[in-house]
Amino acid sequence: MDMALSQELSLSDNFDISVAFVSAEAIRTLLQEFKDRFDSKGDGNGRIITSTKNYFNDPKAFWDLLRLKDIAGVDVRIWRSDEVGTEAHPHPVWDQPFHPKGYIFTRRMSDGQTCYNLYVGSSNLTQQALGTQREWNLKVSSLASGELVHQVKEEIDAQIQESIPLTDDWIRAYEEDFKKYAPPRRELIAIRENETVIPNAMQKEALKNLQTLRERGEHRAIIISATGTGKTYLSAFDVQQARPQRMLYIAHQEQILNNSMRSFRKILGCDETDLGLFSGHSKEFDRRYVFATVQTMSRTEVLKEFRPDTFDYILIDEVHHAGAGSYQRIIDHFDQADFMLGMTATPERTDGINIFQLFGYNVAYEIRLQRALDEDMLCPFHYYGVSEYLGSDEDEEDSPVSSTNSFTTEHEQHAGIIPAAGLTADQAGQLAYEIGQLATHGRVRYIIDILQKYSPYHQQVTGLVFCSRQEEAQRLSELFNQAVNQQAENRNYRTKAVTGSTPHKEREQAVEDLQKGELDYIFTVDLFNEGIDIPAINQIVMLRNTESSIVFTQQLGRGLRKFPHKDSVIVIDFIGNYTNNYLIPVALYGNTGDRDRARKNLQRHTIGLSSISFDPIAKKRVLRSLDMTDWSEMRKLSEQYRQLRFELGRIPMLMDVYDHDPSLPLTLASRKGDYLTFVHSREQSLSRGTHESFLDQMEPVDRTETQIMKMATVLLLPGLRPHELVILDRLCGFETETLNKDNPSTWEPAKPATRGELADLIAQRFPHTNLDRNQLDSAVRVLDCSYFTATNRTRFGNTPLVTTSDDGGVGLNEPFRRMLSANRTFRVFFADTLRTGLLNCRDIFANLDKSGREPERGFVYEQKYTLADVERLLGWEKEINGQNVGGYFLDETTGTMPIFIKYASSQYNDRFLNNQEIHWYSKNRHTPKSREFVWMQQGSDSQDWENTHFIPVFIMRRQESNEGRYYYIGHLRGTGSPQLTRKPDTNGEVMTPVTIMDLYLKRPLDTELYNHLIS
């Protein structure tokens, strides 16, 4: 329902929403849509009517509605019964008989008529009702003359007459009657500190796994757990169950150790004297539980004071740092410890160090951000991507430095900048100039304006602001402290810059002040990326370029810890014109391997109870970055491969890659033509370095086997049609098998199958696919290679995979069977490609179920296809050379004519008239009497025309032309009359006849895809 409301808000001219219940989280989820609508149309033209029934609506919901009224022009009203009183004395009544759930959107169509879309059902305007609960809502569309419209308008008008406007005074009166009391911040902190902690579901499972590993004789393990899911408590619980004589806890910051000591004492219930801090400031190394900084413990003279078996349990926090020499010295020295546990939220490294190998590849438990959010282990977030400030003329005057890069000490002092040690005069001047551009009064005014728009009204802000460098953090904090915080009784902002150069005691005091509510924001760079526990944080502000999805996730995670009366965290990301912006959707949604998957993810406004939205400019910047990024760059793919290889301790198969990220297998396999060739190239590369190579596990494959693997990559791995996949899966009968030659194989192919058996199996496993008999025949022709052109038969090894017997049975072709039987490496990689293709196919149809669109003769809306894919799925008898297809091709045998449009790059100026109609040009010298147009017009007045004329339309964006894939946008329900005209030929010299025609799609494109195609 949230997606439907988002789309309606973007299209409507007016709207009315009448709901009994509203939640602040739902308003925050749709805030950007309301704001974009107001910014584009210049007025609100919308009304929301709600109630105080049963005191369900929290005052926070009304404050968010008031903010919506202020920044998006929405007329918000509170329904009241006659006995409630007057506007001057608006005391609410808890049992008001008001319980509607209706959404009405009005828009003017291209023909001038007014259309109404009405949604009536069970969904209130709450986060759960719009996104996660199972609800029933009926959508009805009507013109203005419809009787239903009159009835609904009368009811809405009556509700407006019976309601009063939402005001500050009304909310304050409601707050007095609202019985929920939120205690002061200090009291909440005290309550939280005194709470009894018991293991949550994640911790229980991890503790069980850790105990099992120890019982199996393992001495090392690693925990991968998203920030805020309780890693420190988990480690304390495991120490409690392991009962070591002595324990060593290693971290890189004393502040982390102090927090961890408090958590351990809470869980273990031990005396304070049992815990000791060992650092540059404290030498309590003789305690039972020692918490040491890596800087102190790693010193050679310090390690000499400890026997290798001094500690029987060692914990390494933020273990992704363990590749550093200091950590290595500690790990190597205490190699006789009974058990060593590493913990991290982000094990990925870019320096080639294999953290997983250090811990024996024993991943005791793994829970990443997405799953932790889904399982309600973290506080939901509302992410707003907003456009970064680009400067103004005023900044020339505000900036404390000149644009000539000629700087003096006076300038630097005025900017509040302390040049880093070791900088030359020119470097210091350049630094001062850059900070002068980042920390201007104009930029600060812009940032504050944005914060006020997206921050909930009447919420005490506890925020972290991440900057690009220390000097920027210092200067911005100074400028903020000079500005008035209009949401805090018009006092000035209270902020502090805390960076790596801030003294330790000063850091701790700033954190305590923020936690208690005595600071509004801490400005920092990367000091707070990990290890700092400030659960009260309810706002994260990002004022820096996203250079790493890992760092982005770490900084986002700072606000995701749960805290009493903290319903969500607001994340405001200022997005500049950066090439790395594509990393933002990668970090938020988890996609790493495919541009189109990343773009589709941007359409998802919610992840569980969390929401993600961008203002129009920020979204364009992210989309532009997605377009410009080379997703198949070998360096990126090699890093993905290496990270997964390190985690598994073996060659990752495509099925492993799919479990890690479903968008990645096709990108990896396509980089070298097939995944087997890609793996061989990566293992060769790794063998030239310091890492163990698995080349010895791989048997050589010959040219024909490689060509068959390329065929499997092109035809099977994308999972676009299940027929070939199911046929081969049935006939091959692959067993679970690895590359390890120590495990003998007993593989034998399955017996041949009848076509009837194969047809039943396809229908059973993929009931929504195109089950026409010609599809099965087409798949067999593909697999026996009789379908392909001579060029492609050679390209794919000129070896049929299946053969058909005289009685019509289908079995494996003998030469192909011998290849599979003789070469284990070829067999394992072919089976892996086949299985991953089946997973892709399963998910394509599963996602279709969620979209509410049915497949159309096997084609899936918004899925991408190559020209060759389209020919094959249409069931053509023989493959047609792409040059002969051009922009369209009529196959009268199947009654199909696919149309291919290269949008914004076509010489024919094809264009959308709206999201359901396309103005289309024929090929040069094609007239209305050409056979394609004659065929298209045959029976055009008949209701049966769509059944005899299947005309699917495929569109390729200019920016994606290198991929050679087209979006399927639907099939035609009809066409306009063909008209002959003339246009310049390809060279622009000779006028040549062409035919133009309007194409009418069966269903309109959704707003997101339409905007993406025409952008």
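**Stop 1: an open sheet**

Select Gly276 and then Val290: Val290, in S11, is the bridge partner of Gly276. Keep in mind as you look that this is a predicted model. Now extend the selection to both strands, S10 and S11 (residues 289-293), which pair in the parallel sense over four bridges.

Which order do the strands of the open sheet follow? Colour them one by one and you can read S10-S11-S9-S12-S13-S8-S14, seven strands with parallel pairing. At the edges stand S10 (275-278) and S14 (363-367); each has a single partner strand, so one side of each is left without a neighbour in the sheet. If you look along the sheet, the twist from one strand to the next averages 15°.

**Stop 2: helices across the sheet**

Next, show residues 325-333, helix H13, which lies across S8, S9, S12 and S13. The angle between H13 and S9 is about 170°.

**Stop 3: aromatic pairs**

How many aromatic pairs does a search of the whole structure find? The count is 52. Start with Phe21 and Phe56, a tilted pair with 4.5 Å centre to centre and 35° between the planes. Phe21 is in the loop between S1 (14-19) and H2 (24-41), while Phe56 is in the loop between S2 (46-50) and H3 (59-72), so the pair ties together parts 35 residues apart in sequence. Is Phe21 buried or exposed? Its relative accessibility is 12%, so Phe21 counts as buried, whereas Phe56, at 45%, counts as partly exposed.

For another geometry, select Tyr249 and Phe264: the ring centres are 5.6 Å apart and the planes stand at 90°, so this pair is edge-to-face. Tyr249 belongs to strand S9 and Phe264 to helix H10 (residues 254-268), 15 residues apart. Both Tyr249 and Phe264 are buried.

**Stop 4**

Jump to Phe859, Tyr865, Phe900, Phe950, Phe954, Tyr966 and Tyr968, and show their side chains: they form one aromatic cluster.

Then pick Arg853 and Tyr861, where the charged end of Arg853 sits over the ring, 3.6 Å from its centre. Finish with Lys923, whose charged end sits over the ring of Tyr888, 4.7 Å from the ring centre.

Terms used:
Residues numbered from 1 in each chain as written. Predicted model: local features only at pLDDT ≥ 70, side-chain atom pairs only at ≥ 80, totals over all residues. Heavy atoms only, no water. Pairing = 2+ DSSP bridges. Helix = DSSP H or I, 4+ residues; strand = E, 2+ residues; numbered from the N terminus. Axes fitted to C-alpha atoms, helices over the stretch in contact; angles between N-to-C directions. Contact = heavy atoms within 4.5 Å. Phe/Tyr/Trp six-rings, centres within 6.5 Å; stacked < 30°, edge-to-face > 60°. Buried < 20%, exposed > 50% of the residue type's maximum accessible area, 1.4 Å probe, protein only. Lys NZ or Arg CZ within 6 Å of the ring centre and 35° of its normal.
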